[in-house]
Structure formats: C-alpha cells, structure tokens
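Open the structure in your viewer and keep the selection panel at hand. The stops below go from the surface to the sheet and then to a helix.

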Amino acid sequence: MFLAIARDAGLMGLGNGPGRYLSYGAYPQPGAEFAFPRGVWRADGSGLGPLDERGILEDATHAWLADDGGPRHPREGLTVPAGDKPGAYTWNKAPRLAGEVVETGAIARQLAAGHPLVRDMVGRHGGTVFTRVLARLLELAQVVPLMEQWMLALAPGEPYCASGALPDEGTGVGLSEAARGSLGHWISVRRGHIENYQIVAPTTWNFSPRDAAGTPGALERALEGAPVREGETTPVSVQHIVRSFDPCMVCTVH
C-alpha cells in the first residue's frame, strides 16, 4: 500500500541525496555492539566503511558566522555571529566528512544495518522522499521491541546516571544517533572551566549550505530539479523533500 501511494504521488525518484550516508551507531548492545552499526555507507557499491571522526570539518563560507582560517574540526570550532557577511545565507555551517557531503537519519542507520528492503529500494531509486520515509517507518517497528527490553531492564531505585568530577584540563567527544540522525558534541576544558563547546546536529549535516568549493549539502542537492506546477507559490514537491529529512533548524542554530 505504501509503495502504491508513493508511486501515485510521484515520490519514488523525488529528492535524490548525495549517495553517502553517515551513522554514528545507535542503541548500544551487550558486547559494545550497536543495534544499528556505525559507519559510512556508499551507494556506489563499496558498501559500509569505517568512520574516522578526525575527518569531520565545518565550512562556514556561506554561514552568518566567522570563518577565520577556513574549515575547522569541531574541537576547534568557532560560533561567532557575522550577520553582515557577504555571500552568507544561513546560520547553518557546512560539515563535511573527509571533504564529502553525507546524509544522515533513519535511512543511514538502516543502510548501515544492512536492512535488505531499504538497501534494495535505495539501489533502485536512490535516497529519495520515498526511501527516507520507508526507512523511518521500518525503524519504528524495530525500536518498539528494543523499548520493551529497556523497560524490563529498569531497576527502580538504582542510579540512572554516572557522576564524575570535571577535570582541570581535557577534551572530549560524544557521538550518538538522535532520531533525526548523527549528533556530535565536542568539549574542551581549561583551568577547570569549559573553554569551548561545539555541536554538529543531524540537521546541520542534512541542511548544510554550499561550501567554499560551491558544493551543495544533502538537502540543497535533493531540491535540484524539484518540479513546480503552474501557479504554485509554495511547491508541494519542495515541501515533501524538506520534510523527508525530518528537519529541526532550531537544534541546528542553537
């Protein structure tokens, strides 16, 4: 039924993304494994490859933010407003992984996990409105039994978090999968105080503007060629494509 609706609505090939999909790994399992693995999945046939966090750089060329020194790794990132900056058109930076545009979200997790239906559909149609929504629907069905396991594992009265002392000096990184996709936090501490704290949210990846080389982010690429019907001022196709990424610009900007 869902396939028929998508075909009739013209969503099968609408909103093609970059063909590279990032997952930080979701829902840790016993033995240090993830229910949905970590890695970068490529639609060119090379499959799932390892993730090297050191390859993440943020380009602020077209963001209303200072970009002194060019692209930076988040651990050295700057968040300094530059509202009058020429050529800027967004508060979103442009993260790249080893110089490449990637897409993140449920579709990336399902591809990394090797879901046969999602891999087959992406192989046939690419990363589209249809395949993004399909991956999200399938993942909902997978997460429900995981939630049942978590509920049964709860022990009332036991501590729910581990407390630790803040070091005088140090750096840290936390990578996890939010519902919308890959979420990263980077922190540096100096003299017992937070010196710098940077976040790259899932929508930062998906809605990134063009970088210094003029390469568009995943959403901008997906919007290229979107059909506009005669008389449309708010094209339905654009709405379908944007919403298929499950965006949160508030998370990205803050």
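Which residues make a nonpolar surface patch of about 260 Å²? Select W91, M249 and V253: these three residues make the patch. Keep in mind throughout that the model is predicted.

Stay on W91 for a moment. W91 sits in the loop that runs between β4 (56-59) and β5 (94-97). Its relative accessible area is 37%, so W91 is classed as partly exposed, the class between under 20% and over 50%.

Next, select the sheet. It is an open sheet of 4 strands, ordered β3-β2-β1-β6, and its pairing is mixed. At the edges are β3 (47-49) and β6 (103-104); each has a single partner strand, so one side of each has no neighbour in the sheet.

Now show the pair formed by β1 and β6. Strand β1 covers residues 20-29 and runs parallel to β6, with 2 bridges joining them. To find a point where they face each other, pick Y21, which stands opposite E103 in β6.

Within helix α4, select V143. Is V143 buried or exposed? Its relative accessibility is 12%, and the limit for buried is under 20%, so V143 counts as buried.

Notes. Residues are numbered from 1 along each chain as its sequence is written. This is a predicted model: local features need pLDDT of at least 70, side-chain atom pairs count only at pLDDT 80 or more; totals for chains, interfaces and linings use all residues. Side-chain values use heavy atoms; hydrogens and water are left out. Two strands pair if DSSP finds at least two bridges between them. Buried means under 20% relative accessible area, exposed over 50%, partly exposed in between (1.4 Å probe, protein chains only). Patches are made of residues with over 30% relative accessible area and no salt bridge: like charges are joined within 9 Å, nonpolar side chains (Val, Leu, Ile, Met, Phe, Trp, Tyr) within 5 Å. Accessible areas come from the Shrake-Rupley method with a 1.4 Å probe; for residues, only the protein chains shown count as cover. A salt bridge is a side-chain nitrogen of Lys or Arg within 4 Å of a carboxyl oxygen of Asp or Glu.
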